[in-house]
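Hi,

Here is the model I promised to pass on. Have a look at it first, and my notes follow below.

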Amino acid sequence: MASPEREDDVSEPDLVSDDDMGVGLHGETQEDIDRIQLEADPTYQPQDEAAPVVEPAGAEAADGEAAGGEPPKKKTRKTTSDVWNHFTRGPTKPDGSYYGICNYCHAKYLQGQQRGTSSMRNHIDKKCKKIPRNKPEALQKLLQAKAAGMEPLVAWSFDQMKCRKSLAKMVIAHEYPFNCVNHHFFREFLSELQPSFKVPSRNTLRQDCMKIYEEEQRVFCLVLDNASSNDACISELLYTTTLKEDLPVDGKIFHQRCGCHILNLIVQDGLNCVHKEIECIRETMKWIKHSQGRIEKFKLACSQENVTYKKPQWDVPTRWNSTYLMLELALELKPAIVRYPVLDKKFSKILGDSQWAILRELVKHLKVFYEATLKLSGTKYPTLNLFFSEFCEVYLAIKRMSSNEYPFIVNMGTQMHAKFNKYWSIGNSLLAIACVFDPRCKLDVVQYYMEEMCPDECDGFISNLKECMSDLFNEYVEASTEEPRMPKRQKTDIGASSNTTLISRKAGLKDYLKGKKGNTTPKSELEDYLGSDRDDASLDDDFDILAWWKLKAPRYPLLSKLVKDILAVPISTVASESAFSTSGRVISQWRSSLSDDTIEALLCVQDWLRASIAENANANIVGAPLGIIEEEELNVEGQ
């Protein structure tokens with residue numbers, strides 16, 4: 001097999017054989033391109049296997065006679081491949097072969113005699129050093145606006161890796177299959193949008209998705225509900241694996257129980273004392289809402305009693321907050337509910353005045369629990385720093401029930417107090433630490449509640465809390481200062497003993513001067529923070545704790561990192577349960593073979609991406625904001 005000849009100015013030393021099957025601009029082989037073209041056009045002929053031109057017999061004879069018996073010359077086939085936009089065809093040799101000469105580096109590739117253009121395509125895609133689009137420093141940056149009409153033009157250049165990361169985010173957020181990169185028209189769209197982008201394979205796309213998950217993952221603690229199986233799982237993780245060695249303070253704050261679930265269990269124990277009155281209200285709501293005729297009668301009752309009509313709703317018994325909302329609605333519609341039996345003779349669930357009084361007193365005491373649940377189940381702000389004070393306020397509310405005039409309220413308080421003590425005793429220090437790192441609280445708020453709740457244990461609790469915070473902070477200090485130490489060079493010369501004496505004298509001198517100066521040592525960031533004044537913001541006001549620590553980061557660089565990790569822990573599993581409720585769509589019949597690690601990564605990153613989209617709703621993103629696009633589509637549909 002003949003090797004391609006080269007000019008003196010050829011800069012590429014390696015030779016490409018005739019059988020070199022390079023890849024296309026987007027990774028396709030020539031066979032893939034021919035197959036796609038044949039599917040679109042059955043009359044298409046592959047460019048490297050075009051049918052030879054057949055001459056009529058008479059014409060061939062005439063040509064032979066005119067040439068004196070010489071064989072007729074073959075017609076030159078027209079070059080149709082797009083690689084000829086980068087190559088120039090050289091003169092044809094007697095055997096019909098010719099050279100394709102690169103327009104940039106003048107490399108020559110032998111063509112003709114059934115030779116394909118794959119070697120030339122491979123050259124312009126990967127090997128040519130002088131083609132402009134293969135030289136990053138030669139790329140002229142483009143100008144574009146970050147958002148339509150909102151920002152000045154900025155310089156932009158194509159980045160393959162950024163595009164791949166954006167593609168991975170799109171696949172995760174919108175639950176596309178990995179093999180979407182193999183779809184023909186999707187690849188065609190990307191080719192038209194940015195020809196320089198090389199579409200990754202489905203396996204590479206999966207690796208890009210996993211990389212995003214690994215970059216975002218941080219294991220600080222686990223927030224779980226109070227099932228006994230979860231306790232067993234935590235023990236298994238901590239004591240039968242090496243995970244404990246990598247956790248802060250040896251896993252002492254690793255297991256955190258869902259605060260909203262604890263409140264639910266506490267209130268459910270108390271509601272058992274008034275279950276008859278609650279069941280009566282529940283049946284009343286169901287009866288009225290059963291048919292349209294009953295609803296019309298209830299509307300009439302509302303009209304006669306001058307009460308604003310609201311649609312009757314009943315609760316979900318396992319969710320006490322829905323029970324609270326049902327009772328609150330019933331008290332608001334009480335005049336109409338009392339009037340309703342007059343209009344509907346079949347209705348028999350009638351409450352007396354004493355029962356209404358019980359429900360009114362019950363709702364008044366449950367309001368504290370309901371407001372705490374709302375605050376702790378938030379997803380747009382940190383909640384761990386709020387739990388300690390809210391949980392202590394719940395305890396004080398339970399304590400006040402013991403002196404209530406209604407016996408059923410006293411009984412409720414007794415039941416709730418027992419459940420509260422159970423979960424208070426198995427709690428960890430992370431709740432109090434998060435409260436201390438709220439600049440409105442610090443140690444003062446923790447000390448106040450401990451003196452109100454259990455004054456005999458206050459001093460010991462505060463002491464253990466300071467020790468845990470100090471250990472946690474020291475781990476962050478050690479992690480930030482870990483550097484490889486150079487081994488000290490041993491001296492073996494004669495003056496070693498004299499040097500030892502000199503060092504000893506200098507050490508004594510340093511101790512003497514240190515004693516003269518005083519034994520004052522610089523405060524750590526933790527000591528500085530605890531010693532400073534509390535923030536003046538009220539505990540009831542909207543306070544952006546993340547913005548506060550971001551502002552104080554130059555003063556507390558290490559402590560702010562620790563606080564950032566702590567505040568990232570949610571006190572409730574509401575958000576995580578909502579995120580994993582999409583598993584039915586992710587693990588569909590078309591994606592049922594995904595591995596456990598892949599499913600975990602897809603679900604977690606999807607939730608993180610949606611949260612970042614919500615946080616950056618007003619941020620400047622390339623192109624028009626999504627809200628504007630949706631509004632324009634609605635306007636077009638309306639027209």
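In which helix does Asp-471 lie? Asp-471 belongs to helix α18, residues 458-481. Before going on, some ground rules: this is a predicted model, with local features needing pLDDT of at least 70 and side-chain atom pairs counting only at pLDDT 80 or more, while totals for chains, interfaces and linings use all residues. Residues are numbered from 1 along each chain as its sequence is written, and side-chain values use heavy atoms, with hydrogens and water left out. Helices (H or I, at least four residues) and strands (E, at least two) are DSSP runs, numbered from the N terminus.

**The acidic patch**

Asp-471 is partly exposed because its relative accessibility is 35%. (Buried is under 20% relative accessible area, exposed is over 50%, and partly exposed is in between, with a 1.4 Å probe and protein chains only.) Together with Glu-467, Glu-475 and Glu-478, Asp-471 forms a negative surface patch. Patches here take residues with over 30% relative accessible area and no salt bridge, joining like charges within 9 Å and nonpolar side chains (Val, Leu, Ile, Met, Phe, Trp, Tyr) within 5 Å. Asp and Glu count as negative, Lys and Arg as positive, and His and the chain ends are not counted. Each charge is placed at NZ of Lys, CZ of Arg, CG of Asp or CD of Glu.

**Salt bridges**

The whole structure has 12 salt bridges (a side-chain nitrogen of Lys or Arg within 4 Å of a carboxyl oxygen of Asp or Glu). One of them pairs Asp-315 with Arg-282, with 2.6 Å between the closest N and O atoms. Asp-315 sits in the loop between α10 (292-304) and α11 (320-332) and Arg-282 in helix α9 (residues 275-289), so this pair ties together parts 33 residues apart in sequence. Both Asp-315 and Arg-282 are buried.

Next, Glu-332 bridges to Lys-310, the closest N and O atoms being 2.7 Å apart. Glu-332 is in helix α11 and Lys-310 in the loop between α10 and α11, 22 residues apart. Both count as partly exposed, Glu-332 at 41% relative accessibility and Lys-310 at 35%.

Then there is Lys-364 with Glu-361, at 3.3 Å between the closest N and O atoms. These two are 3 residues apart in helix α13 (residues 353-376), about one turn of the helix. Lys-364 is exposed at 52% relative accessibility, whereas Glu-361 is buried with a relative accessible area of 10%. Shared partners also join Glu-279, Arg-282 and Asp-315 into one salt-bridge network.

**The strands**

Strand β2 (residues 98-102) runs antiparallel to β3, joined by 4 bridges; strands count as paired if DSSP finds at least two bridges between them. Tyr-98 has Gln-111 as its bridge partner in β3, and Tyr-99 has Leu-110. The β2-β3 hairpin has 5 residues between the strands, and His-106 there takes a positive phi near 65 degrees. On its other pairing, β2 meets strand β1 (residues 87-89) in the antiparallel sense over 3 bridges, with Phe-87 opposite Cys-102.

How many of the 5 residues of β2 are buried? The count is 4, so β2 is largely enclosed by the rest of the structure. In β3 (residues 108-111), Lys-108 and Leu-110 point one way and Tyr-109 and Gln-111 the other, and all are buried.

**One more contact**

Ala-397 is in helix α14 (residues 384-401) and is buried, with a relative accessible area of 7%. Its C-alpha atom is 7.5 Å from that of Val-368, 29 residues away along the chain.

Cheers

Notes: Areas by Shrake-Rupley, 256 points an atom, 1.4 Å probe, with all protein chains shown as cover.
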